[in-house]
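Have the sequence and the 3D view ready as you go.

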Amino acid sequence: MIRAFFILSLLQLVAFWKILPRMGFPAWLAIMASIPLVNLILFYYLALSPWPREGRWIGPGGGPADGQSDAKF
């Protein structure tokens, strides 16, 4: 039983470690995801907070009137 918990924690750690930097958050928050109950708090924090990278994205119709955007990623 403990072995299965450890394996699932490692799988979750790897997934969070890859996803968090793409969202604009530090990767070390993934370590918090391996702690029971803290992972639920982290999950809701990530879901409900504004993502740092979300502010740089210019969606459809969000650029200048001529249809060209100056955004460089």
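A residue is called buried when its relative accessible area is under 20%, exposed when it is over 50%, and partly exposed in between (1.4 Å probe, protein chains only). By that rule Ser9 is buried, because its relative accessible area is 13%. Ser9 is found in helix α1.

Before going on, a word on where the values come from. This is a predicted model, in which local features need pLDDT of at least 70 and side-chain atom pairs count only at pLDDT 80 or more, while totals for chains, interfaces and linings use all residues. Residues are numbered from 1 along each chain as its sequence is written, and side-chain values use heavy atoms, with hydrogens and water left out.

**The overall layout**

The protein chain has 3 helices and 0 strands, giving the pattern α-α-α along the sequence. Here helices (H or I, at least four residues) and strands (E, at least two) are DSSP runs, numbered from the N terminus. Of the 73 residues of the chain, 18% count as buried. The chain exposes about 6200 Å², and carbon and sulfur atoms supply 70% of that area; accessible areas come from the Shrake-Rupley method with a 1.4 Å probe, and for residues only the protein chains shown count as cover.

**Along helix α1**

Helix α1 covers residues 2-23, and Phe6 is found in it.

| Residue | Relative accessibility | Class |
|---|---|---|
| Phe6 | 52% | exposed |
| Ser9 | 13% | buried |
| Leu10 | 39% | partly exposed |

Phe6 and Leu10 belong to a nonpolar surface patch of about 510 Å², made by Phe6, Ile7, Leu8, Leu10 and Leu11. Patches are made of residues with over 30% relative accessible area and no salt bridge; like charges are joined within 9 Å, and nonpolar side chains (Val, Leu, Ile, Met, Phe, Trp, Tyr) within 5 Å. A salt bridge is a side-chain nitrogen of Lys or Arg within 4 Å of a carboxyl oxygen of Asp or Glu.

Which residues are buried in helix α3 (residues 38-48)? They are Asn39, Leu42 and Leu46. Seen down the axis of α3, these buried residues fall within an arc of 60 degrees, so they line one face of the helix. The arc is that of the directions from the helix axis to the C-beta atoms. On the face turned away from the buried side, α3 carries the exposed residues Ile41, Tyr44, Ala47 and Leu48. The cover over the buried residues of α3 includes α1 and α2 (29-32).

**The core**

The largest nonpolar core has 9 residues: Phe16, Leu20, Met23, Phe25, Leu29, Ala30, Ala33, Leu42 and Leu46. Helices α1, α2 and α3 each supply at least two residues of this core, and the largest share, 3 residues, comes from α1. A nonpolar core is a set of buried Ala, Val, Leu, Ile, Met, Phe, Trp, Tyr and Cys residues joined through side-chain atoms within 4.5 Å.

How values were computed:
Contact means heavy atoms within 4.5 Å.
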